[in-house]
Every structure is written in structure tokens, then in C-alpha cells.
Amino acid sequence: VAVYQDASTKRFIVKRLQYKRKNILYAQLKNEANIIYLFSKKATEDLFPGVRFCQFVDFYEKKGDVYLIREFVSGDTLDKISEAERLDYLKKCFTFFSTAKDSLTEKNRKTIALRSNWLMVGSLPVYFMLALLKEVNLWKSLIISMVTFFRSFPYSILFFPNYILTHRDLHLQNVIFTGDEVVIIDPEICVFAEKGLELAMAGVSYRENNGSVFLKLLLDRELNSHKKKKKFLAF
């Protein structure tokens, strides 16, 4: 990653990846380019004013190289502002993600990967076995986790899912407060997934980097029904 400044003093972020084969890193960089291209400011500013993705500038490939150029966002990350302000801006981000797909055409929606609930249910036993082989001494904890998932997972969402856009890496350093708006960056693993998954995945990062107190405040506010609590526990 580098910062480039043009003749007009405008700055950009340049991401470059060198590769021999088109691997997962290539796919993630291409996905990031697609997301910020689709969700341009023009496409979302009327949908949810005050929250947006960073702006797309260019994406191109050369032999064994791929480049993404995007807007450089100047401001403070959410970990630099007060706890109350963090909670307020995160709520805006969650609302933005839950409505963002409404700004896309059906054709554009199909270019974004879908992480279905069937995939989650099917892959969980595989990951359980891999984790068990790696940490066999944790077998009791792993079994408890599996039982918790299947007891808490509301199976109605397998047949009536509510898929929304999810960032899946929405830690506080990936949300920048500019004074006038909140700008979301680095959506390289952004996909459509079940509503509620974003909070569950972000919660791990918030606990590790901001402590249990902040996470408890966030969960107390967001999980205001028994159904939401069960879904969060499963995810």
C-alpha cells in the first residue's frame, strides 16, 4: 500500500499485488474494487446520507501485477473518539449495510458473492474436525460450541433468509470519521450474508481491541429481542 499525490495535491491509496497464480489475495483485492465501484457516492448518498464507502478511482492488471487505486480518506478512526460516539456511528454503519443493496440493480447484485446459511451449516462440521485435529485437548470446548450452534441457530433463516451486505471486518480502524460523514474502507471480504452476522464477527474484534465493557454496551443496544440473541450466539 502506498499514498500517491497528484499535481493538484489530491491524494490516493494505491494497492498493488504481485502474484504467480490468481489466489485468494487476488480475489479479495478484486472484490474490494468491485464493492467500492458499485457503491459509489452517487449510488448511496441519497440512500443513507452520512455513511459511505471510500471512492473507487481505478483497477487494472499487468503481467503478474494487479493495482487498485482508491480515495485517500483523511480523518480519525472510530477508536479515537468517545465511546458514546463510537456506538452512534456503528449503529449508522449497521443501518447502512442493511439497506445498501437497495441501491443496486439485480444485475449488479449478482456480482457480489453470497455466503449462504446452508454453506455455514455444511462447513461447520468440517471446521470442527480441523480444529479438533489441531487442538485435540480443546475437545470439550469444541463440542460445546457445536451444540451451542445447533441449539441457537434459528432454522427458519435457512428457508427464509434475510441476506444483506456485510463487511465482515468492520473493526474500528476500518471506519473513518471525517467530521461530516463516516467512511468505510477495506471491504475486501465484503459479501451478502445473513443479517446479524456482521455484529457477531465485529464483536470478536471489539472485545480484543476495546475490552468487554464496550462490547457489552454494543450488544445490550443491538440485541433487543430473544430471536436476535439466539442468532448472535449461533453466529
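Visitor: Which element gives the largest share of the lining of the largest pocket?
Guide: Keep in mind that this is a predicted model. The elements that give two or more residues to this lining are H3, helix H7 (156-159), helix H8 (197-222) and helix H9 (226-234). With five residues, the largest share comes from H3.

Visitor: How much space lies in the largest pocket?
Guide: Its lining has 26 residues, and the closest to the centre include Lys195, Gly196 and Leu199. The lining divides into ten nonpolar, seven polar and nine charged residues. The space in this pocket is about 610 Å³.

Visitor: Which element gives the most to the lining of the second largest pocket?
Guide: This pocket holds about 510 Å³ of space. Among its 17 lining residues, Arg115, Met120, Leu124, Tyr127 and Phe235 lie nearest the centre. At least two residues each come from helix H5 (117-134), helix H6 (139-152) and H8. The most, seven residues, come from H5.

Visitor: How many residues in the lining of the second largest pocket are nonpolar?
Guide: Take the other classes first. Three residues are polar and one is charged. The nonpolar residues number 13.

Visitor: Are H5 and H6 roughly parallel or roughly antiparallel?
Guide: Their axes are 10 Å apart, and the packing angle is about 175 degrees. An angle over 145 counts as roughly antiparallel. So H5 is, relative to H6, roughly antiparallel.

Visitor: What class are the residues in the contact of H5 with H6?
Guide: H5 brings residues including Met120, Leu124 and Phe128, while H6 brings Trp139, Met146 and Phe150 among others. The contact has no polar and no charged residues. Its 13 residues are nonpolar.

Visitor: Which strands stand at the edges of the open sheet?
Guide: The sheet has four strands in the order E3-E10-E9-E6, with mixed pairing. An edge strand has a single partner, so one of its sides is left without a neighbour in the sheet. Those strands are E3 (51-53) and E6 (76-77).

Visitor: At what angle does H3 run to E3?
Guide: Helix H3 spans residues 83-99. H3 lies across E3, E9 and E10. Its angle to E3 is about 65 degrees.

Technical notes:
Residues numbered from 1 in each chain as written. Predicted model: local features only at pLDDT ≥ 70, side-chain atom pairs only at ≥ 80, totals over all residues. Heavy atoms only, no water. Pairing = 2+ DSSP bridges. Contact = heavy atoms within 4.5 Å. Axes fitted to C-alpha atoms, helices over the stretch in contact; angles between N-to-C directions. 1 Å grid on protein atoms, 1.4 Å probe; cavity = no way out; pocket = protein on both sides within 12 Å on 5 of 7 lines; lining within 4 Å. Points joined across faces, edges and corners; volume = space filled by probe spheres on them. Nonpolar A, V, L, I, M, F, W, Y, C, P; charged D, E, K, R; others polar. Parallel < 35°, antiparallel > 145°, perpendicular 65-115°, else oblique.
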